[in-house]
Every structure is written in C-alpha cells, then in structure tokens.
Amino acid sequence: MTWPHPFDLLPVLLQGARVTLEVTLMAAGVALVLSFVVGLARLAPFHPVRFLATVYVEILRGTSALVQLFYLFFILPAFGIRLDPMTTAVIGLGLNLSAYGSEIVRAAVRHVDHGQWEASVALSMSPALALRRVILPQALLAMMPPFGNLLIELLKATSLVSLITLTDLTFAGSTMVASTGRAAQVWGLVLLIYLVMALPLGWLVRRLEARLSVYRLPVKT
Amino acid sequence: MANFGRRDILRHGIGIGILAAGAGSILAARTRLAYGATTFEKLQGTKSVTIGIANEKPYGYVETDGKITGAIVEVIRAVLAPYGITDLQPVVTNFDTLIPGLNAGRFDIIGAGMYVKPKRCEAIAFTNPLTQAGGAFGAKKGNPKNLHSLKDVAKDPTARIGTQTGTSQVDEIKQAGINPDQVVLFSKDTESIAGLQAGRVDVIYYPDLEINNLITTTADPNLERVAPYEQILDAHGKPSLNYQSLGLRKGDTDLVDAINKQLAEMHTNGKLLSTLAPFGFTQNEIPPADVTAAQLCAG
C-alpha cells in the first residue's frame, strides 16, 4: 500500500525515530546512574575523590560531544577497543550528559537545609542512612525540573549519532531528502516527530515530580 | 572404573594433558588463521562485504524503500561477484568520515565515488579508476551572477560559492584563488542545494553527474546546471578531469589487485559502461583503460 504525500515518507522516518528513542532512553539510563555516582562523589568528604569527580565533569562538559563520539568510534579501534555503533552512542552520550546531570545532583543535595543533616545526626543516623532517608527524597524533588530539561536535550542531541553510522531520525530525514528532494515535507515531518516524542517525556518527568512532592516540607512561616 | 589406582589417574592425567595441549594448539592455529587472513580472504569466507557510502546520487544511496544502489555500488557488486562475494552490507555515513571509518575497520570498501587524490593516497589505497568526471555549477535559473568557471567566481568578490566539506572540490576552489570569505561549506550535497534555493550561495560546485542528479531530484524549476561551463585546465592547457575509484585499506593489496583484474576485464568487454549507464554515465565518463591509481596518486 502506498500512502499519499507526504505520509509515504513516514516508514523510513519512523525507523529513524525508533533508533532516536532507543538511544535516548538507554543513554538516559547510563547518564542517570553516573550523575548520582559523580554528583555524590563531588560531595564526598575525601579530597582525592572530589578531585577526580571534578576532573571528570570538567573534561566531559568542556569538550564537544561530537568530537567525543568521533573519538570513541573512529580512534578507539586503533587501540583495540571496538564498540558497535549503538553501544558507542549510548556510552558516549551517557557519559557526556552525566557531566551535566552530576551538577544537578550536587546542587540539589547541597540545597537541602544543613539543619536536616544535623537533625539526622542527633537521631544517631549514619551519614548513608541520613542521605537515603532524609536528604535524597527532598533533593530528588528539586532535581526533577532540570532532569526533565536534560532528558529532552538528550533526545535532540541524539542527532549527533549519524556521525557514527547510526540512522537516527535526523539522518533518516537527510536520507529521504537525498532520494526524494522533498526537503520541506521531510523536515516538517521530522520536526513533528521530535515534538511528539518530547511531549510524553516532559509529561513523564512532571508526573514523577508530582509523586515526589509528598516529600516537600511545609513552607516556613 | 569405580576405583582408580594411582596409575589410572596418571594415565588419565596424561590423556587429559594431551587433549588440552591439542585443543590449545588447535585454538592457537585458529586464532593465527583469523589474524593471518587478509581482508580479501575473510570476505571470500563470509561471502559478504561492508561498504561505506555517503548517500549521494548517483554513486551510492538508499532508495525510498530502503534498498541500496548507485553507480559505484553496482560496480562493486560486479567486480566482487566472480569471487563469490555477493552480499553487500551498506554503512551510510558522512562523506568526510569515510576515510576514518575505513581505517577504523567500520567497513572494507569506500563506495562513494571518491576522487583519487595524492593527499588521500597517503591515508588509503585506491583501485584503478571506475569513472572520470569534470566539475559543474548549479545555479538559480538564468545564472544571475553570470558565473561559468571557478575563475569567474574568483573575479567577482560578491559571488558566493558552495560545496561540501572533505571533498576535493574544496581544494580546487582554493587553488583557483577564490577568497575563503566567498566559500560556504555544507556537510551534504542536498544541503548545498537547499543553500542555493535559499540564496545563501550563488553557485554550488560538484562533479557534473552529481549536479545533474541533484537538480533532477530536487525538481525545482528555478534551478539549472550552468552551461557553458569551463573546466579547470591542467599544466598543458587541457581540461583537468578527476577520477573516481574504490577506496581500500592500505594493507589490502590482494583485494586491490583482485578488483583491478576484474575492472580491466569490464573495461574490455564493455560491462563497465553498461553497469554505469543506468545512472546517467556515458562513454565520456569512462576513463581510458591505461589510467592507473599509481599515476593518479603520484599527482
């Protein structure tokens, strides 16, 4: 069955959209875990740990994600490390995003009133228990809006992966322009598909925020 | 076998030892084979080859239905079939990452219609040429700035010329003495066309057949291929043409030789032209049979 213009372009574009979504979700998983590890490491009481975490953030945040992907994909094989395109994309974007995410974690944890730590100590909680039961639940709430931003940023940053031979939504679009020449129609549809993918992601983060808001402290009077 | 004496254990032990040593040496031999095999031998073993393309018409591109074809791709199909290599796996990437991708082992052959240029010969090996091509301009209908050669662009400081990063057109533009401020580099040929339509450049500069395809595919009545167009001249005052070959890794000399052998045959029996003809190539685009990669690499 052939669809009328411009919908005949959809099958190829949707295949690309699937790759985009897969990379986004998997890289978001990697980034989330690393954000917490690195973000908390930057608050660690040991200087060498803080130093390493700071170096990690500054290097990954201070260099171009595109060049990082290029390096992982085209240069690493020379050192005997050959990752397939999907793995490279997930690791590359996950590492890059975690540098930003860790700052969100650090800021949100620091933002929780210091009195909360003192109260936990007074209740003879260990620092780990205090972090888990008292501090993080409040910090998580503050992390949600910036994490939502980051997730949608990631969705769009996945267009970089065409460099490493993955046919994501943007690249599928450029493929269709090359074979049909209908640039306006192709890019119009691509814009719409990105929007349709971004809206539920935003909604999901807002839902999480609502769930977490039970940890919000009553406003001080 | 219920109770082993010491001697049995010893005997079994030796047996296991011999077995282990045997397995070990077989494994080692296999590894040697895997590492020792050339790319050509590996391709013949798997009957499959991975080719890097830039998704450009008419060289190598993806059809709306997801199939891979193109002039260069079809020649690859024809030269490798006699060796039993019939499965073509495409990797689509940007033109400027084709050489790094080849050298990183992401694919085995560049099938994108790459020109043989001395600078590229330092990084990769080329087969003998498949096609020859001149340059061409695409412009808005009527060619408002009246540009018919790279020299014209160099003379008119208000003219802007567009082409693609990583291509040899960039070097030719530079050698023609065009001010870098006049040059706009796009990352794909379709983006160059979009730039031309949007008035960001006055002409775009590509190989002649690529210009034909771009203008046909875009189907915009306001665009045209510039005619007449004056080619760059070589040291002898003759139009200097470019030659497109398949790019391979430097170490794969046996594969280069095998492909050259088939190419020579396709030259003689006319199959080269008949393979390329459906993509708009004519006898004019078939290089003389005595032009070799070695000559072209020497510059």
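This tour moves through chain A of a predicted model, then on to the place where chain A touches chain B.

**Before you start.** Residues count from 1 along each chain as its sequence is written, and chains are lettered from A, with ligands numbered from 1, in the order in which they are written. The model is predicted, so local features need pLDDT of at least 70 and side-chain atom pairs count only at pLDDT 80 or more, while totals for chains, interfaces and linings use all residues.

**Stop 1: the whole of chain A.** Select chain A and colour by secondary structure. You will find eight helices and zero strands. Here helices (H or I, at least four residues) and strands (E, at least two) are DSSP runs, numbered from the N terminus. Along the sequence the pattern reads α-α-α-α-α-α-α-α. The C-alpha atoms fill a box of roughly 70 × 45 × 25 Å along the principal axes. Of the 221 residues, 37% are buried. Buried means 20 or more other C-beta atoms within 10 Å of a residue's own, with C-beta atoms placed from the backbone; 12 or fewer is exposed, and in between is partly exposed.

**Stop 2: helices 4 and 6.** Select residues 85–111 and 127–157 of chain A. Their axes come within 8 Å and cross at roughly 155 degrees. Axes are lines fitted to C-alpha atoms over the stretch in contact, and angles run from 0 to 180 degrees between N-to-C directions. Helix 4 and helix 6 of chain A are therefore roughly antiparallel, a label for angles over 145 degrees. The crossing is right-handed: the near helix is turned clockwise from the far one by less than a right angle. Now show side chains. Among the residues making the contact are A:Leu93, A:Leu97 and A:Tyr100 of helix 4, and A:Ile135, A:Ala139 and A:Phe147 of helix 6. Contact means C-beta atoms, placed from the backbone, within 7 Å. This contact has 16 nonpolar, two polar and no charged residues. Ala, Val, Leu, Ile, Met, Phe, Trp, Tyr, Cys and Pro count as nonpolar, Asp, Glu, Lys and Arg as charged, and the others, Gly among them, as polar.

**Stop 3: helices 1 and 7.** Select helix 1 (10–41) and helix 7 (residues 169–180) of chain A. Their axes come within 7 Å and cross at roughly 160 degrees. This pair is therefore roughly antiparallel too, and its crossing is right-handed. Helix 1 brings residues including A:Val12, A:Leu13 and A:Gly16; helix 7 brings residues including A:Ala172, A:Gly173 and A:Met176. By class, this contact has seven nonpolar, five polar and no charged residues.

**Stop 4: A:Met176.** Zoom in on A:Met176, in helix 7. Is A:Met176 buried or exposed? A:Met176 is buried, with 28 other C-beta atoms within 10 Å. Beyond its neighbours within four places in sequence, A:Met176 contacts A:Leu9, A:Val12, A:Leu13 and A:Val186.

**Stop 5: helix 8.** Select residues 183–212 of chain A. At 1.5 Å a residue, these 30 residues should span 44 Å, and the end C-alpha atoms are 44 Å apart, which agrees. The expected span is 1.5 Å times one less than the number of residues. Highlight the buried residues: A:Ala183, A:Val186, A:Leu189, A:Val190 and A:Ile193. Their cover includes helix 1 and helix 7 of chain A, together with helix 8 (189–197) of chain B.

**Stop 6: the contact with chain B.** Show both chains. The contact takes 16 residues from chain A and 24 residues from chain B. Helix 7 of chain A gives the most to the chain A side, with six residues. That side has eight nonpolar, seven polar and one charged residues.

Definitions and conventions. Contact = placed C-beta atoms within 7 Å. Parallel < 35°, antiparallel > 145°, perpendicular 65-115°, else oblique.
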